[in-house]
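Please read these notes beside the sequence and the coordinates.

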Amino acid sequence: MSGAGYLQTGQVTCHDAAGCLIDCAGSGQDGAFQRGAPWPEPRFNIEGEGVRDRLTGLVWCRNANLAEFPLTWQEGLDSVTQMNRSQAFGDSNWRVPNRRELRSLISHQTRRPALSEKRPFTNIFNGWYWSSTTAVIGPSHAWYVNMDGGRMFYGGKDQSFLVWPVRGQGNGILPVTGQSRCYTEAGDVTPCMGTGQDAEFSRGCPWPAPRFQVARGEVIDRLTNLCWRQVADLGGPATWVQALAVVEQYNGRWRLPNINELESLVDCGAHSPALQAGHPFGALQDVYWSSTTSLYEPDWAWALYLDKGAVGVGQKTQAKFHVWIVRDRENGACSVE
């Protein structure tokens, strides 16, 4: 399955509520389905001081800590501007990655760092890396990704974290984030030209218009070709095991989405919820379980914080998160053209 619009998570194992390995067959977990664009082998090719990701088509600095020390968000953007002025490694098209580009490197089968085991990068820091995407729920903050375990949250732009430059147009698998404005460090809207921010470049494949299409209580996402239940809550708060079980009882065509499928819904230009304006979903909740276990602590699983658009985790035994089910468009009635 191509999984246009989102990538496989990299997870191939399955785990129970205590974090112990189990057989994937019949588990309903990410490792059983492995949905999304599959990773090529090898995934990465070294090109001088750059590394081409054959999955996304992007070229990353081989040195994952080129600046050698943490920078504020604006300092990070400025440092990449300076790279381009000096044509670092023979190229003047480097940029700070947007949040989807940065998160595309994450493997949910590994930890410390949460990257492919066959990675060719050097000087990887097991901590936070800036993206060029502002968190519109608090525009003096920007999104960052933790290479230790793979979380994606936001921090104050005046804090200091690392920057991992990228270049290239990509190959059309990763979609745009949806962010259309640029912001100062204080969170004020500013013209995009020359900022180096997400909205200046809008890298990624564009969303179709309309993106969502309703069909008999289901919603087709024409970007990813996934079908979501229009009522975005199946029975209220649940533990992770309960979430998997209720999906199995609901209908055999449906599944609990993996974390990349959930994140694919996010519009980084919106918050509360972080969905495209005019979306057709009802009964939206703040936090949703995914079918993806956190390999950092396997008794936890990945979850989408929909109001913010953040990707975090929850302990599998706690009945705090909600269930939003998905299935493949090709499997039947969800096929309006």
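1. The model is predicted, so local features need pLDDT of at least 70 and side-chain atom pairs count only at pLDDT 80 or more, whereas totals for chains, interfaces and linings use all residues. Residues are numbered from 1 along each chain as its sequence is written, and side-chain values use heavy atoms, with hydrogens and water left out.

2. Strand E6 covers residues 128–134, and seven of its seven residues are buried (under 20% relative accessible area, with exposed over 50% and partly exposed in between; 1.4 Å probe, protein chains only). Strands are DSSP runs of at least two residues, labelled E and numbered from the N terminus. In a regular strand the side chains alternate between the two faces of the sheet. Both faces of E6 are covered: Tyr 129, Ser 131 and Thr 133 lie on one side, and Trp 128, Trp 130, Ser 132 and Thr 134 on the other.

3. E6 pairs with strand E7 (residues 141–146) in the antiparallel sense over four bridges; pairing requires that DSSP finds at least two bridges between two strands. Tyr 129 has Val 145 in E7 as its bridge partner. Six residues separate E6 and E7 in this hairpin.

4. Four strands form an open sheet in the order E3-E4-E5-E9, with antiparallel pairing. Its edge strands, E3 (44–47) and E9 (166–167), each pair on one side only. Three bridges join E4 (residues 50–53) to E5 (residues 59–61), and Gly 50 stands opposite Cys 61 in E5.

5. Arg 327 is in strand E18 (residues 326–328). Arg 327 counts as buried because its relative accessibility is 0%.
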